[in-house]
Structure formats: C-alpha cells, structure tokens
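Please read it with the coordinates open.

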Amino acid sequence: MRYRSRVWAFVWASLCCAALLCAGCSSGPPEVTELKHYPLDSLEGVIRSSDVELDGEISADGGGSLRITASEPLVVNLFETGDLDVENGRLDYQARLRTEDLEGQTYLEMWCHFPGIGEAFSRGMQSALSGSNDWTSQEIPFFLKEGENPDNVKLNLVVTGTGTVWIDDIRLTIAR
Ligand SMILES: [Ca+2]
C-alpha cells in the first residue's frame, strides 16, 4: 500500500510538471506589434518647435534626425499618439540617442493617459546619457494591466542640463 501511494505521488507530481511545461509552451514568446514609427526625417508632427531642428547630416537611420540644443534644462514634447486601443501588455518607447558635451543627463519619458483615471509616467533614468556618446538604442517600458487602455501617450525627451542631444528613429511597440 505504502509503495503504491508513493507511485501515485510520483505520477501526480509528473502530471503537474507536464501541465506546467505545457502552460509555458502555449503562452510562447510575446507577440510584438509596432503601433507608431516616427523616422524623424522631417519635423512633421513634432510638437515642440523651439530648441529643436532637423539635422540632415547626423542621423542613426541615414535620413536625418532631430537635434536639440539645450541652453537650460528642458522637456521636449515630441509626439502624442492620440487614442490607442491596447491593454494588457508591455508598451515600449524606443529611440536612438546621441549626445555631445552634455552637462547633466538625457533620457526618454513616456506619459500614458487613461480616461477617468489620469496620467502615469515611465522614465529611463537608469540608462540616462551624459557627456558625449555616439548613437545608442534606448527603450523604456510601461506595463498595461487588463483594462488599462490609454487614450493618449506622450513621447518626451528630458534634458536635465545643457548641451546637444540628437534623437532619431522613434518607435512605440506593444508586447503581449
Ligand atoms: Ca531619421
């Protein structure tokens, strides 16, 4: 009897493991969908017009970039997406950044607005750049729970000091 109960315990444990593995298999890797792409080959759609200009010479994608010359700390409001029908996933704001003689830091910032709730932000302070850097890829996530469906997302660039920052090839994706 004792032996049999051990066997059953083993069979039961094996079944549980198999069920867990299957659950892992069926969910698979997250599916990534591109919601917005702003190549910044022109100033079209860029919200903030002061302190920013198109740079046709220096770019990450070969088609021009946006150059920000900061003489004081500033938040550059680049784009607003308007209503997006997404929830229950990870929003990622991606961009290429380059800096020259930056005193202070620069990083990406994203604000998500939810109807009837308000705004919440995500900031890339942990991967902030300062000084001089060639093009680097930056990415900040915002985790949307089920039912959290933003009616606007603001894509900003924060500069906490003075210097020159280039931004290029902005994308907003969702992984779910
Ligand atoms: Ca570009």
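1. Conventions. This is a predicted model, in which local features need pLDDT of at least 70, side-chain atom pairs count only at pLDDT 80 or more, and totals for chains, interfaces and linings use all residues. Residues are numbered from 1 along each chain as its sequence is written, and side-chain values use heavy atoms, with hydrogens and water left out.

2. Strand β9. Strand β9 spans residues 162-175. Helices (H or I, at least four residues) and strands (E, at least two) are DSSP runs, numbered from the N terminus. Of the 14 residues of β9, 12 are buried, so the strand is largely enclosed by the rest of the structure. Buried means under 20% relative accessible area, exposed means over 50%, and partly exposed lies in between (1.4 Å probe, protein chains only).

3. Pairing of β9. Two strands pair if DSSP finds at least two bridges between them. Strand β5 (residues 89-114) runs antiparallel to β9 over 11 bridges. Arg 90 has Ala 175 as its bridge partner in β9. Strand β1 is joined to β9 by 6 bridges, also antiparallel. There, Glu 34 is partnered with Thr 173 of β9. Strand β3 (residues 65-70) is antiparallel to β9 as well, with 5 bridges. Ile 68 has Val 165 as its partner in β9.

4. Salt bridges. The criterion is a side-chain nitrogen of Lys or Arg within 4 Å of a carboxyl oxygen of Asp or Glu. By this rule the model has 10 salt bridges. One of them joins Glu 34 to Arg 171, with the closest N and O atoms 2.8 Å apart. Glu 34 sits in strand β1 (residues 32-38) and Arg 171 in β9, so the pair ties together parts that are 137 residues apart in sequence. Glu 34 is partly exposed at 42% relative accessibility. Arg 171 is also partly exposed, at 26%.

5. Asp 169 is buried, at 16% relative accessible area.

6. Another pair. Asp 92 and Arg 90 form a salt bridge at 2.8 Å, N to O. Asp 92 is buried, with 3% relative accessible area. Arg 90 is partly exposed at 30%.

7. Distant parts of the chain are linked here: Pro 39 lies in the loop between β1 and β2 (52-55), Asp 168 lies in strand β9, and the two are 129 residues apart. Pro 39 is partly exposed, with a relative accessible area of 30%. Asp 168 is buried, at 0%.
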